Amino acid sequence: MPTFEGFPTDALGLLGALPMGDRDWYRASKREIDAVLLNPAKALVDALGERLRAEVSATFEAQPKVNGSISPLNEDLRFAPDKPPYRDYLMLNFWDGSPKKLAPTVRVRISPDSIGFGGGMLFDKQPLDRFRAAVADDRTGSALTTALAPLESLEGYELAGEALKRVPAPYDADHPRAALLRHKMLQARWPEPVPPELNDERFIDWCMERLTRFKPLHEWLSGHVMGAVRA
């Protein structure tokens, strides 16, 4: 895998142009898209994966390919027929466990006007039950609020996934962590302006400064929802 040396200076402009293209344009531009966007993204996934395994969890998965750690640039128009055919962002995903879609995950979202960071987990039934039990417990629930606290002061921060209007049974409606109990998934996220580091190898360190902020949340999800405390 080539070493990550930054995205070319025209990367953001090309990202912004993607939604305006059609399949013929994309096919004709494929060589440029690979050179300017996808090949640097693969090198970045490889570099960030190595750092995440060293600094957050030794079992992080980082697959430097589309449909691995790199989300496809095309939209699935079967489910969103009114959307443009191509996305104006690169989404890089790193997950820790199996199955991939339900494992604790951290993400980097590269857009023309921002770099977004996200960390959290989708829940199916058994993980959701474990999540709610851990949130309701005074010791483990307090540990989650402690893990989230440093992120809450970040500009643009939001905690996505609160989907229920009421606290689910059997938990009290006035539980001190009622808002968390109403979640059906959990993702802490925030955007930042695009930095000059995007265009050279310093972008690795810049991203890792932010991704390591998810470590307490990641360890909480791994230990209390996945069911195995990570060393």
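Which side chain meets that of Glu162 in a salt bridge? I looked, keeping in mind that this is a predicted model. The partner is Arg182, with 2.9 Å from N to O.

**Entry 1: Glu162 and Arg182**

I checked where each residue sits. Glu162 belongs to strand E4, while Arg182 is in the loop between H6 and E5, so the pair ties together parts 20 residues apart in sequence. Then I looked up accessibility. Glu162 comes out at 42% and counts as partly exposed. Arg182 is buried, at 19% relative accessible area. The reason for that label is the cut-off: buried means under 20%.

**Entry 2: Glu158 and Arg189**

I went on to another pair. The side chains of Glu158 and Arg189 meet in a salt bridge, 2.8 Å from N to O. Glu158 lies in strand E4 and Arg189 in strand E5, so this bridge ties together parts 31 residues apart in sequence. I noted 38% relative accessible area for Glu158, which is partly exposed. Arg189 is partly exposed too, at 31%.

**Entry 3: Glu75 and Arg87**

Next I looked up Glu75. Its side chain forms a salt bridge with that of Arg87, at 3.4 Å from N to O. Both residues lie in the loop between helix H3 (30–55) and strand E1 (90–95), so the pair ties together parts 12 residues apart in sequence. Are these two buried or exposed? Glu75 is buried, with a relative accessible area of 16%. Arg87 counts as buried at 17%.

**Entry 4: the salt-bridge count**

I asked how many salt bridges the structure holds. The total is 13. Some share partners: Glu192, Glu209, Arg210 and Arg213 are joined into one network.

**Entry 5: helix H4**

I turned to H4, residues 125–136. This helix has 12 residues and spans 17 Å from its first C-alpha to its last, close to the expected 16 Å. I listed its buried residues: Pro127, Leu128, Phe131, Arg132, Ala134, Val135 and Ala136. What covers them? The cover includes strands E3 (115–122) and E5 (183–192), along with helices H5 (138–152), H6 (178–181) and H8 (215–224).

**Entry 6: helix H8**

Last, I looked up H8. Its buried residues are Leu217, His218, Trp220, Leu221, Ser222 and Gly223. Their cover includes E3, H4, H5 and E5.

Terms used:
Residues numbered from 1 in each chain as written. Predicted model: local features only at pLDDT ≥ 70, side-chain atom pairs only at ≥ 80, totals over all residues. Heavy atoms only, no water. Helix = DSSP H or I, 4+ residues; strand = E, 2+ residues; numbered from the N terminus. Expected span 1.5 Å × (residues − 1). Buried < 20%, exposed > 50% of the residue type's maximum accessible area, 1.4 Å probe, protein only. Contact = heavy atoms within 4.5 Å. Salt bridge = Lys/Arg side-chain N within 4 Å of Asp/Glu carboxyl O.
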